[in-house]
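Here is a briefing on one protein chain, for reading beside its sequence and structure. The notes go from local backbone features to strand pairing and then to the chain as a whole.

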Amino acid sequence: MKTRLEVRDVRAEPGGRAQGFIPFGETAGGPLVIPVVILNGRDDGPILCLTAGVHATEYAPIDAVMRTVGEIDPGALRGAVIAVPVANLRMFESRSGFVSPLDGLNLNKVAPGKPDGSSSEILAYVLLNEIICRAQYHIDLHAGDLGEMLLPFAGYAMSGRPEQDAKGEMLARLYTPRLVSLSRPGGTIPPFADGIPYAASQRGVVSIFAESGGNGTLEAADVEVHLAGIRNVMRHLRMIAGEADPPGPRLAARDRSIVRAARAGLLRLEVGIGDEISAGQQVAEICNVFGEVVERVRSPGAGLAGLVWAHKVVNTGDPIVRYWVTEPC
Ligand SMILES: [Zn+2]
């Protein structure tokens, strides 16, 4: 028998929809809140939580969650969806990248948070304990942040519980078109131990991390990667009608490395996201202010270009491209 589903004052009856704000603190300008939408299906089934805007200049994932909650009919839904379209509203309104303008912290690096910490730590704590942990499944939607052009991927933090990990790996494979990142504690690939999906996974939620889009853009093709991923996961979980597309061959991430500038100047980039880079390949040249080439930047290893920085001027040590070391899976 289906029952009412509620997160504090946001309450949805079976077959119904509810939305509202969950307060978690305040500033001198007013309350700090988390927007929540609940779609409570008429029939029993799993609860799926969707969160976007942990980094609130990552617009493709935010739009995908907004479109998803607008399109699902709770009358035809099995189970329920609890969605947070923009987790960090202060970043959203101020168009701030990476960190909260309130305390300078990265919400995806302070999990599991704490109830008596700074505003980002409290936000992480409330998100995790009052919203995400209400669900059996969770997708944390991201993109490249400002200045980052990113190849889509999905990841899952292995918990050491075989049954949960099999589900998490399956969801990541169902979501992403190409690249899967399954992390282990202390490893070099995401999701990392200070992030929200890792903390949710540790609490028994099958929580994946999914990236598409980047560089402060909102492109339909990037949104569609997220929409297709959500749809495929919901079909797999039998929450909506239709057959899930079975995951085809994927690339599994094993490691990743950043190629950096040693010299400074104008950057003439020679690779793009999704390119296969070979060891020793030239990825860029750097030109000083007199127009002389001062460095031909070569990749030390081979891999798949997963992140290309948008900056066209570099200083010593600046990142140029990050590549994944992968194997078929
Ligand atoms: Zn992000």
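Arg-8 sits in the loop between strand E1 (5-7) and strand E2 (10-12). Its phi is near 50 degrees, a positive value in a residue other than glycine. The model is predicted, and every value below is computed from it.

**Backbone: positive phi**

- Most residues other than glycine have a negative phi, and most peptide bonds are trans.
- Arg-8 counts as partly exposed because its relative accessibility is 34%, between the cut-offs of 20% for buried and 50% for exposed.
- Asn-215 also has a positive phi, near 60 degrees, and is not a glycine.
- The loop that holds Asn-215 runs between strand E11 (206-211) and helix H6 (220-236).
- Asn-215 has 29% relative accessibility, so this residue too counts as partly exposed.

**Backbone: cis peptide bonds**

- Ala-111 and Pro-112 are joined by a cis peptide bond, with omega at about 5 degrees.
- Pro-112 belongs to the loop between helix H2 (89-94) and helix H3 (119-131).
- A cis bond also links Pro-190 to Pro-191, where omega is near 0 degrees.
- Pro-191 is placed in the loop between strand E10 (179-183) and helix H5 (196-202).

- Glu-169 is part of helix H4 (residues 162-175).
- With a relative accessible area of 27%, Glu-169 is partly exposed.
- Which residues does Glu-169 contact, leaving aside neighbours within four places in sequence? They are Tyr-156 and Leu-182.
- Tyr-156 is 13 residues from Glu-169 along the chain, and their C-alpha atoms are 6.4 Å apart.

- Strands of a sheet pair through backbone hydrogen bonds, either parallel or antiparallel.
- Strand E6 (residues 78-84) is mostly covered, with six of its seven residues buried.
- Strand E4 (residues 30-40) runs antiparallel to E6, and four bridges join them.
- Within that pairing, Leu-39 has Val-81 of E6 as its bridge partner.
- Strand E5 (residues 43-51) pairs with E6 in the parallel sense, over six bridges.
- Cys-49 is bridged to Ile-82 of E6.

**Strand E12 and its partners**

- E10 and strand E12 (residues 251-260) pair in the parallel sense, over two bridges.
- Leu-179 has Leu-251 in E12 as its bridge partner.
- E12 also pairs with strand E19 (residues 319-328); they run antiparallel and nine bridges join them.

**The four-stranded open sheet**

- What is the strand order in this open sheet? The order is E16-E15-E13-E18, with antiparallel pairing.
- Strand E16 (293-298) and strand E18 (313-314) stand at the edges with a single partner strand each, so one side of each has no neighbour in the sheet.
- Strand E15 (residues 282-287) pairs with E16 in the antiparallel sense, over five bridges.
- Gln-282 is paired with Arg-298 of E16 by a bridge.

**The chain as a whole**

- The protein chain has six helices and 19 strands.
- Its radius of gyration is 20 Å, which agrees with the value near 20 Å for a compact globule because the chain has 329 residues.
- Along the principal axes, the C-alpha trace spans about 70 × 50 × 35 Å.
- Buried residues account for 54% of the 329 residues.
- Of the contacts between residues at least 6 apart in sequence, 70% join residues at least 24 apart.

**Surface and charge**

- The chain exposes about 13,700 Å², and carbon and sulfur atoms supply 52% of that area.
- There are 32 positive and 37 negative charges in the chain.
- How far apart are the mean positions of the positive and negative charges? They are 2 Å apart.

Methods:
Residues numbered from 1 in each chain as written. Predicted model: local features only at pLDDT ≥ 70, side-chain atom pairs only at ≥ 80, totals over all residues. Heavy atoms only, no water. Pairing = 2+ DSSP bridges. Rg over C-alpha atoms; globule rule 2.2 N^0.38 Å. Buried < 20%, exposed > 50% of the residue type's maximum accessible area, 1.4 Å probe, protein only. Contact = heavy atoms within 4.5 Å. Areas by Shrake-Rupley, 256 points an atom, 1.4 Å probe, with all protein chains shown as cover. Lys, Arg positive; Asp, Glu negative; His and termini not counted. Charge placed at Lys NZ, Arg CZ, Asp CG, Glu CD.
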